[in-house]
Amino acid sequence: MSFVAAAAAVSPVRILVADDNDLMRRCLRNLLEQKRTWEVCGEASNGREAVERVAQSTPALVVLDFQMPEMNGLEAAREIRRRSPEVPILMVTLHMSPQLEDQAKRIGIRGACDKGDIGRVVEAVETLLHHGTYYRS
């Protein structure tokens with residue numbers, strides 16, 4: 001089988017993006033879909049919608065904003081982990097702090113990126129997809 005045929009036979013990695021800011025969701029989608037083997041399979045604009053979309057679209061990974069309406073990222077992550085414990089979660093936020101990072105780790109969020117350094121999202125997703133964790137500290 002040729003390399004091209006083998007690549008075509010591999011299913012894309014399905015990623016769900018949850019952020020209340022439409023522009024940020026689009027930015028994350030564009031960033032993630034630059035990888036040929038990744039596909040954004042759904043988007044959510046609040047935490048409650050993120051929980052519902054995970055159940056509907058069965059992503060391989062969730063990129064989740066911290067500050068969202070209806071249910072913040074920690075609350076949504078807690079519920080996603082309860083329902084789908086095998087799905088790794090990467091939290092993205094403008095408000096990263098040691099306290100937030102500790103809370104995220106306790107919930108089972110496998111990585112966190114600051115939106116101010118959005119370029120690290122691809123590296124973080126790669127790490128989580130290879131069963132690692134991604135925290136700056």
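I take contact to mean heavy atoms within 4.5 Å. The model I am reading is predicted.

**Entry one: helix H3**

I started with H3, which spans residues 47–57. Which of its residues are buried? I noted Gly47, Glu49, Ala50, Val51, Val54 and Ser57. Next I looked up what covers them.

Then I checked the two ends. At the start of H3, a side-chain oxygen of Asn46 comes to within 3.0 Å of the backbone nitrogen of Arg48. After H3 comes Thr58, and I wrote down its positive phi, near 40°.

**Entry two: H4 against H5**

I turned to H4 and its contact with helix H5 (residues 98–107). Their axes come within 10 Å and cross at roughly 15°. Angles under 35 degrees count as roughly parallel, and H4 and H5 are therefore roughly parallel to each other. I recorded the crossing as right-handed.

Which residues make the contact? From H4 I listed Leu74, Ala77, Arg78 and Arg81. From H5 I listed Leu100, Gln103, Ala104 and Ile107. I sorted these residues into five nonpolar, one polar and two charged.

Where is Arg110 found? I located Arg110 in the loop between H5 and strand E5 (111–114). Leaving aside neighbours within four places in sequence, I found Arg110 in contact with Pro88, Ile89, Leu128, His131, Gly132, Thr133, Tyr134 and Tyr135. For Gly132 I also noted a distance: its backbone oxygen lies 3.2 Å from a polar side-chain atom of Arg110. Last, I checked Arg29, 81 residues from Arg110 along the chain. Their C-alpha atoms are separated by 20 Å.

Conventions:
Residues numbered from 1 in each chain as written. Predicted model: local features only at pLDDT ≥ 70, side-chain atom pairs only at ≥ 80, totals over all residues. Heavy atoms only, no water. Buried < 20%, exposed > 50% of the residue type's maximum accessible area, 1.4 Å probe, protein only. Helix = DSSP H or I, 4+ residues; strand = E, 2+ residues; numbered from the N terminus. Polar contact = N/O pair within 3.5 Å; in protein donor to acceptor, adjacent residues only side chain to side chain. Axes fitted to C-alpha atoms, helices over the stretch in contact; angles between N-to-C directions. Parallel < 35°, antiparallel > 145°, perpendicular 65-115°, else oblique. Left-handed = near helix turned anticlockwise from the far one by under 90°. Nonpolar A, V, L, I, M, F, W, Y, C, P; charged D, E, K, R; others polar.
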